[in-house]
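Here are my notes on the model, as numbered points. Please read them with the structure open.

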Amino acid sequence: MAKTVLLIEDEPNITEAMRFILQRDGWSVSIHADGATALDAVDRVRPDVVVLDVMLPNRSGFLILRDIRAARQTRDLPVLMLTAKGQEKDRALAESYGVSHFMTKPFSNQEILARLQELTQP
Amino acid sequence: MSTSFTGDRIRERRMQRGIKQTELSRRVGISASYLNLIEHNRRNIGGKLLLSLADALGVAASSLSEGADEELLDTLRDAAGPALDTDRAPASGGAAARPEREAGVEDPGSLVARFPGWARVVAAQHRRIAALERTVEGLSDRLAHDPVLAENLHDILSAVTSVRSTASILNQTPDIDPNWRARFHANLHEDSARLARTAQSLVSYFDAMAREETGFAAPTERVESYLAAARHHLPELESDGTEEDGEARIEGLARRMARDGGAEELAVARRVARRYASDAAAVAPDRLLQALDRHGLEPAAIAGELGQPLSLILRRLACLPPEGPLQRVGLVLCDGAGALLFRRRLEGFPMPQFGAACPLWPLYQALSRPHLPLRQLLETPGGQRVLAFAVAEPRGPAQFDAPPVLEATMLVVPMDLAHAPDAMGQDGVPPMGLEGAALGVGSSCRTCPRPRCPARREGFAGAAEA
């Protein structure tokens, strides 16, 4: 059975490219673009891994990550964070909220596939 | 490097030691007549001769040259780094970015005396470095906090991410479905257009920023430099009683003052030219010179006789014809926050290029006592004495329910001019204020060698020397 990745990202062209490479790699892909309702999407989809952008409309990815870690059901859910801000303080903030992996844009397709495989290894 | 004060100092030191001119000239190997010319400031000296004279007089060369080019020495002191203050315990933490002063650079006067050309090169480079540092600070602050830049950079990185991922798919998936291929081509087209738009927007933004911030001179400096070249007297703006073409003359001069500068320089130049013309229309040079002749250097009395605000009289005294009695004066204006708005520089009384000036200047004292004229004898760290007149007055018309917009004005007159017959008026009395004790001031805390000054800003000396 295919593993599910929830992609929380609001840039449609990035989403489209990622959907293509992830599906081609065998993933089941769900997409969500709004920060305010991202946690609802996590509850609904129950993904194996989340790819989470930092700058989202209506709610920051950092706050979404914090709430994912605060909820009992999603406390251990692997979260790969994407950001256009590669500053050390952003990385430190993501780590303080319990991010599983932190990647800066632009990234290579191979790199993101490899990280997702790592994060969902049993 | 020498200017008029070096000769005065040599003469003063020689007389203090009871050495005759012929004796001193013999000791240093020059003729008595040449020494006489030097002592009367009719010959500039430097290098070996200055060192020989200092040696023969038993003084440091710097004591002869300080005050001669105080601005140069002040810049060199700043270049050397923070002064050592052995009385202070080293501060913990918060070390300043500037390195501690190197050993052997305590006396910039020696450098000026031995290698005046190199001293000027070092000073020029230091000023250039300070200007570049300011620019870098401003730019990095912008990069970190500017919302326009942040948004543009985010747009670029998002588009680049999409392009990279999409291009990689197209390149590495030869069997891609034609529909997907068409969608990705469309996405690439869209992202490339977005990148082009954002890049153009950034270029325009950086261009504007460069005009704003990377011109190494503040807008006022270009204007001040023009005025310095004109010796602060602008005949074309002096009122001829007709007021004909007044605005055209102001505009023409403002454009010359701003030269190749941008809108900001032109705005400053217009403001300065308009105020000059307005001041000139209120008090013509002849009337001012006659009042100066009657009262001597008593600006308040002159203001009273001419029925004009004291600040206007101070400004007008600083732009009399260059051949007149006050050919060497300084003028500085600041706003209510203490930011320097205008400087007419005076040799021997350095004014900071950037940042705040010495908080002891009467200019700042005046701000706390609006309308009260202040007069104070000042002494620079180099020993130069000047008489300062300052007043703070509201700028613009009075308004109800609004705080007054204050502007302080300070006129600085060198001691020799304040003592000159021209400054004493018809009754031959020196201006008031010359008889009291001199207040030790500096240019700015950054360069001031007075470590125990109560007005020194916290955190400078201690932190820098830690």
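1. Start at B:Val413. Beyond its neighbours within four places in sequence, B:Val413 is in contact (heavy atoms within 4.5 Å) with B:Leu297, B:Leu326, B:Val329, B:Val386, B:Leu387, B:Phe389 and B:Ala418.

2. A caution on source: this is a predicted model, where local features need pLDDT of at least 70, side-chain atom pairs count only at pLDDT 80 or more, and totals for chains, interfaces and linings use all residues. Residues are numbered from 1 along each chain as its sequence is written, chains are lettered from A and ligands numbered from 1 in the order in which they are written, and side-chain values use heavy atoms, with hydrogens and water left out.

3. The largest nonpolar core has 45 residues. A nonpolar core is a set of buried Ala, Val, Leu, Ile, Met, Phe, Trp, Tyr and Cys residues joined through side-chain atoms within 4.5 Å. Buried means under 20% relative accessible area, exposed over 50%, partly exposed in between (1.4 Å probe, protein chains only). B:Met257, B:Leu288, B:Ile313, B:Leu317, B:Leu326, B:Leu411 and B:Val413 touch the most other members. Helix 13 of chain B gives the most to this core, with eight residues. Another core, of 26 residues, lies apart from it; B:Cys358, B:Leu360, B:Leu374 and B:Ala408 are among its members.

4. Chain B has 20 helices and six strands. These are DSSP runs numbered from the N terminus (helices H or I, at least four residues; strands E, at least two). Of the 466 residues in chain B, 45% are buried.

5. Helix 16 of chain B is mostly covered, with eight of its eight residues buried. B:Arg315 and B:Arg316 are among them. The buried residues pack against helix 13, helix 14 (285-295), helix 15 (299-306), strand 1 (330-335), strand 4 (385-394) and strand 5 (406-414) of chain B.

6. How do helix 13 (residues 263-282) and helix 16 (residues 310-317) of chain B pack, and at what angle? The angle is about 100°, with the axes 10 Å apart. Axes are lines fitted to C-alpha atoms, for helices over the stretch in contact, and angles run from 0 to 180 degrees between N-to-C directions. The two helices are therefore roughly perpendicular (65 to 115 degrees). Helix 13 of chain B brings B:Arg275, B:Tyr276, B:Asp279, B:Ala280 and B:Ala282 to the contact; helix 16 of chain B brings B:Leu312, B:Arg315 and B:Arg316.

7. The structure holds zero disulfides over all chains (cysteine sulfur pairs within 2.5 Å). The sulfur of B:Cys358 is 6.1 Å from the closest cysteine sulfur, in B:Cys453, too far for a bond. B:Cys358 is buried, at 7% relative accessible area.

Key:
Angles under 35 degrees count as roughly parallel, over 145 as roughly antiparallel, 65 to 115 as roughly perpendicular and the rest as oblique.
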